[in-house]
Amino acid sequence: MLSEFDLIQEYFQRPHHATRAILGIGDDCALLTPAPGMQTAISSDMLVEGRHFFAGEDALRLGHKSLAVNLSDLAAMGARPVGFTLALALPSAERDWLAGFSQGLFALADAHNIELIGGDTTRGPLTICITVFGELAPGRALRRSNALPGDDLWISGTLGDARLALAAYRGELATPLTDAEHALAAVRMHTPIPRVALGVALAESGMAHAAIDISDGLVGDLAHILKRSGVGATLDVDALPPGQVLATQNAALRRAYCAAGGDDYELCFTAPASARAAILAIAGSTATPVTRVGSIDAQAGLRLVDAQGAALDLGLTGFDHFKS
């Protein structure tokens, strides 16, 4: 049977190459050297079996997602990834599971040139907690509190396919998806793409004011920006870009899952109307599609409208870990 230190050595310790971590796995603490004149951004996310993912989830996909959701937080602040730690509770040390998980984890880590620098392992219910470290120039962070009246409201990528896949798994759909449709939608649920390049470019350009990653549903996450910034917003629900599979579904389902589906890990951000051309140029340079979906208002509250500007009463809320 694998010991704790055998497990770390065999599946998680790799040759040390990063320039920021002068000391990584193998000591009581890792040592990071910030780049001159830069600030450090830090975020943690926890994934719990049966709460954030199904029991028996594919280990490779889970390795990817566990890091992706954390990188998405860095993207929302406009921070460039530097390193991460992993705290892992396992019911048992199964070699096949560990091989798949570490493969998915490190494939995404390598794609973003980010190094595992420490963490912890223990026996217990399957729980994954990652802490990511990033860096950005002072005053460039895309904070939730900086949205201004008159700003445009933008969304990266597409929305809703992850929620559609979840509904299919749960048997909630009146008309079931085909196997091919479900598999395609499930890619967005299991292997989200963190929009790091877009977030970094928006922060470095100074074009965006505020941002958040959409993990708990757009209306719920946008509400955090509105509250922290002391503003309101008008959201054109019919302008929200549906995922490839959701686009084939009825209008009511498209509206609900785009506006409040959750698990999208796209960026919602605000920018002045004068920056529209610059925002589209940044989207092009980072190969990330963006869509303008509304505006920030001085009047408090979130107003949902259709394509003609008529008010919608959809009764939508974001995901809450202690209420859902």
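Trainee: Just after α7, which residue takes a positive phi?

Mentor: The model is a predicted one, in which local features need pLDDT of at least 70 and side-chain atom pairs count only at pLDDT 80 or more, while totals for chains, interfaces and linings use all residues. Residues are numbered from 1 along each chain as its sequence is written, and side-chain values use heavy atoms, with hydrogens and water left out. Helices (H or I, at least four residues) and strands (E, at least two) are DSSP runs, numbered from the N terminus. With a phi of about 65°, the residue just after α7 is G230.

Trainee: How many Å does helix α7 reach from its first C-alpha to its last?

Mentor: Helix α7 covers residues 218–229, which makes twelve residues. The expected span is 1.5 Å times one less than the number of residues. The reach of α7 is close to that expectation, at 16 Å.

Trainee: Which residues of α7 are buried?

Mentor: A residue is buried under 20% relative accessible area, exposed over 50% and partly exposed in between, using a 1.4 Å probe and protein chains only. By that rule, the buried residues of α7 are L218, V219, G220, D221, L222, I225, L226 and S229.

Trainee: What is the order of the strands in the open sheet?

Mentor: Two strands pair if DSSP finds at least two bridges between them. The sheet has six strands with mixed pairing, and their order is β8-β10-β7-β11-β9-β12. Its edge strands, each pairing on one side only, are β8 (210–214) and β12 (301–305). To end on what you asked, the order runs β8-β10-β7-β11-β9-β12.

Trainee: In which sense do β9 and β11 pair, parallel or antiparallel?

Mentor: Strand β9 (residues 232–236) and strand β11 (residues 290–297) share four bridges; T234 has S295 as its partner in β11, and A233 has I296. On the other hand, β9 and β12 pair in the parallel sense over five bridges, with V305 in β12 as the partner of D236. For β9 with β11, the sense is antiparallel.

Trainee: Is Y265 buried or exposed?

Mentor: Y265 lies in the loop between α8 (251–260) and β10, and its phi is near 55°, a positive value in a residue other than glycine. Because its relative accessibility is 9%, Y265 counts as buried.

Trainee: And is A287 buried or exposed?

Mentor: A287 has a positive phi of about 55° although it is not a glycine, and it lies in the loop between α9 (276–285) and β11. With a relative accessible area of 67%, A287 is exposed.

Trainee: At roughly what angle do the axes of α2 and α3 cross?

Mentor: Axes are lines fitted to C-alpha atoms, for helices over the stretch in contact, and angles run from 0 to 180 degrees between N-to-C directions, where contact means heavy atoms within 4.5 Å. Among the residues that meet are L67 and L71 in α2 and W97 and F101 in α3. The axes of helix α2 (residues 59–77) and helix α3 (residues 95–111) come within 6 Å, and they cross at roughly 35°.
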